[in-house]
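Please look through the structure shown here before reading on.

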Amino acid sequence: MNSDKQSSEDFSLEALRAGDKNEFARLVEAYSGVIYRLAIKMLENPQDAEDVLQETFIKAYRNLPGFDGRSSLSTWLYRIATNEALMLIRRRKHITVSIDEPLETDEQEQIPLQVTDWCCLPEEELMSTEAREYMDRAIDDLPYTLRVVFLLRDIEGLSTREAADVLELSEAAVKTRLSRARLRLRELLSEYYRERLQSQNAAKGEKPQ
Amino acid sequence: MNRETCRHLLDSLSDYVDGTLDDTLCVELEHHLESCENCRIVVDTLRRTIYLYQVTAQPPTVPDDVRQRLYQRLDLGDYLEHK
């Protein structure tokens, strides 16, 4: 999240543009962790994530001489990485996915159906290994266009403006997609935790809610 | 969540939990939450969902073997030890 971020101002753009290996190594060290984490969550596959990680920094090095500094370095790196991931997904699925395409059916409004209050479950239940695996699968179930917005905003800690800049979308589009992603995840998690709550209540000999 | 007001306010919930909802809508939503238990639960579980994803996020690290291959691919092998 925010504490993971290093300011782009910590780097000498002049040195980076000139191809200074030392400065580039510092950049790789600072950002490879967040780029890899994003790629893993976007692609669900360590090999693909590694490819995206490598391609991101290869392209960054190649294009740094022309980097105009209008975006921050981190935004620029995230943009390269998300584009690389998108290309991999297209290649793998043989379908056309575009981040700026209009909202599709599966991106439509998520009407909350689950209204069980599971907030009272103990943290060890909420964060059990099984729960975490379920949470990962819920992210994988999101359409790509929602997943990437959720990851940039809520996991990587980018602001709406920064996420809009990375994805070259309007801030309104980022907000809408974030809202849909969060509501969809809430719905999926609610299905899971409702069952946990029911089995907990059953174990106590109480009626399920 | 079938009521007209609940549907109307649904798109505001994400901004509300971020604290970025504009004042007018915020007042309207909070007024609604006082009388609508379902919406209160949706807001609470929405907050909890985001919180759970954030606290369980993996740290931003690259496994050693992946890092090694990255540095070699970038011709930065000399910098591998500066971790």
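The model is predicted. Where the two domains meet, 13 residues of domain 1 of chain A are in contact with 14 residues of domain 2 of chain A. On the domain 1 side of chain A, the elements that give two or more residues to this contact with domain 2 are α2 (21–43) and α4. Of these, α4(A) gives the most, with 5 residues. By class, the domain 1 side of chain A that touches domain 2 has 5 nonpolar, 4 polar and 4 charged residues.

The next contact is that between chains. Chain A puts 39 residues into it, and chain B puts in 30 residues. Several helices of chain A supply at least two residues each to the side that touches chain B: α2, α3, α6 (129–141), α7 (144–155) and α9 (171–203). The largest share of that side of chain A, 9 residues, comes from α9(A). Sorted by class, the side of chain A that touches chain B has 23 nonpolar, 5 polar and 11 charged residues.

Two residues of chain A can now be placed in this picture. A:Tyr36 sits in helix α2 of chain A, and α2 is among the elements of chain A that supply at least two residues to the side touching chain B. Is A:Tyr36 buried or exposed? A:Tyr36 is buried, because 25 other C-beta atoms lie within 10 Å, and the cut-off for a buried residue is 20 or more. Apart from neighbours within four places in sequence, A:Tyr36 is in contact with A:Ala49 and A:Leu53 in its own chain and with B:Val62 and B:Val66 in chain B. The C-alpha atoms of A:Tyr36 and A:Val52 are 7.9 Å apart in space, and the two residues are 16 residues apart in sequence.

A:Ser72 belongs to the loop of chain A between α3 (46–63) and α4 (73–93). A:Ser72 has 15 other C-beta atoms within 10 Å and is therefore partly exposed, a class that lies between the limits of 12 or fewer for exposed and 20 or more for buried. Along the chain, A:Ser72 and A:Asp165 are 93 residues apart, while their C-alpha atoms are separated by 9.6 Å.

How values were computed. Residues are numbered from 1 along each chain as its sequence is written. Chains are lettered from A and ligands numbered from 1 in the order in which they are written. This is a predicted model: local features need pLDDT of at least 70, side-chain atom pairs count only at pLDDT 80 or more; totals for chains, interfaces and linings use all residues. Helices (H or I, at least four residues) and strands (E, at least two) are DSSP runs, numbered from the N terminus. Two residues are in contact if their C-beta atoms, placed from the backbone, lie within 7 Å. Ala, Val, Leu, Ile, Met, Phe, Trp, Tyr, Cys and Pro count as nonpolar, Asp, Glu, Lys and Arg as charged, and the others, Gly among them, as polar.
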